[in-house]
Amino acid sequence: MARILSVVRSLAFYAAFYGGSVPLVLVAVAMVPFGEGPLRAVVRGWSRWHRLCLRLAGVRVRAEGAAPDRPVLLAYKHESFFEAIDLPCQLAFPAVFAKAELMRIPLWGRVSARYGNVAVERGEGAKALRAMRAAALERAKQGRPLVIFPEGTRVPHGARPPLQSGFAGLYKLLGLPVVPVAVNSGPVYHRRWKVPGTITLRYGEEIPPGLPREEVEARVHAAINALNP
């Protein structure tokens, strides 16, 4: 019975979330010419809609610690799509480092670029790195928090892969403090049929800029894995 109930609740979640997402995405595309303000409101509304729909699946979200509301580099554990969708609920106008390929997706890429996400051009050399740094610093000057997934991709709950080398380089180039964020969404969210439970977000201790690479990587790695078994 528990399995059947999870399936029914998951179907209700999918129907509500994706049914609501279609008109919201169309509205977001329509808002692109009108600047960041209206687009920001639509994106935040979509993220809040996702949170609301999660209740249909029996999923709750709990935060431990306070989310920063100033320019810092937030390093997130990445176990499911939950982290990316939920960011506008957690943070005030976050700018996310996203793969350049995603920014080229029709409609979505246009919305993402107008929202102010930062394209990551892997393997494109120094020119692309300078452009990425300039874009990130511009977002920071606007008072926006920056978000990166330092493991590079989604990983199963319990996995502790090393951080991608690009994280330390970005940390050095930006000169911003880092706030690591542990997330345990995998067991609840990253599956076809959602499992009722609680997703915890744990904002770690702020790490100052200017530390040696080995130290900052070790501290971030330990903090983002704090909710792993």
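**Charges and rings**

Let's start in helix H9 (residues 213-224), where Arg-213 and Glu-217 sit 4 residues apart, about one turn of the helix. Helices (H or I, at least four residues) and strands (E, at least two) are DSSP runs, numbered from the N terminus. This is a predicted model, in which local features need pLDDT of at least 70 and side-chain atom pairs count only at pLDDT 80 or more, while totals for chains, interfaces and linings use all residues. Residues are numbered from 1 along each chain as its sequence is written, and side-chain values use heavy atoms, with hydrogens and water left out.

Arg-213 is partly exposed, with a relative accessible area of 42%; buried would be under 20% and exposed over 50%, with partly exposed in between (1.4 Å probe, protein chains only).

The structure holds 7 salt bridges. Another one joins Arg-202 to Glu-64, with the closest N and O atoms 2.7 Å apart. Here distant parts of the chain get linked: Arg-202 belongs to strand E7 (residues 197-203) and Glu-64 to strand E1 (residues 59-64), 138 residues apart. Arg-202 is partly exposed at 31% relative accessible area, and Glu-64 is partly exposed too, at 24%.

Now look at Glu-151 and Lys-77, which form a salt bridge at 2.7 Å, N to O. Glu-151 is in the loop between E5 and H7, and Lys-77 in the loop between E2 and helix H3 (82-90), so this pair ties together parts that are 74 residues apart in sequence. Both residues, Glu-151 and Lys-77, are buried.

On to the rings. There are 10 aromatic pairs in the structure, counted when rings of Phe, Tyr and Trp (its six-membered ring) have centres within 6.5 Å; planes under 30 degrees apart are stacked, over 60 edge-to-face, and the rest tilted. The rings of Tyr-76 and Phe-149 have centres 6.2 Å apart and planes at 70 degrees, so they meet edge-to-face. Tyr-76 lies in strand E2 (residues 73-76) and Phe-149 in the loop between strand E5 (146-148) and helix H7 (165-174), so the pair ties together parts 73 residues apart in sequence. Tyr-76 and Phe-149 are both buried.

Elsewhere, Phe-13, Tyr-14, Phe-17, Tyr-18, Trp-46, Phe-82 and Tyr-189 make up one aromatic cluster. Tyr-189 also has Lys-194 over its face, at 3.9 Å from the ring centre.

Key
A charge sits over a ring if NZ of Lys or CZ of Arg is within 6 Å of the ring centre and within 35 degrees of the ring normal. A salt bridge is a side-chain nitrogen of Lys or Arg within 4 Å of a carboxyl oxygen of Asp or Glu.
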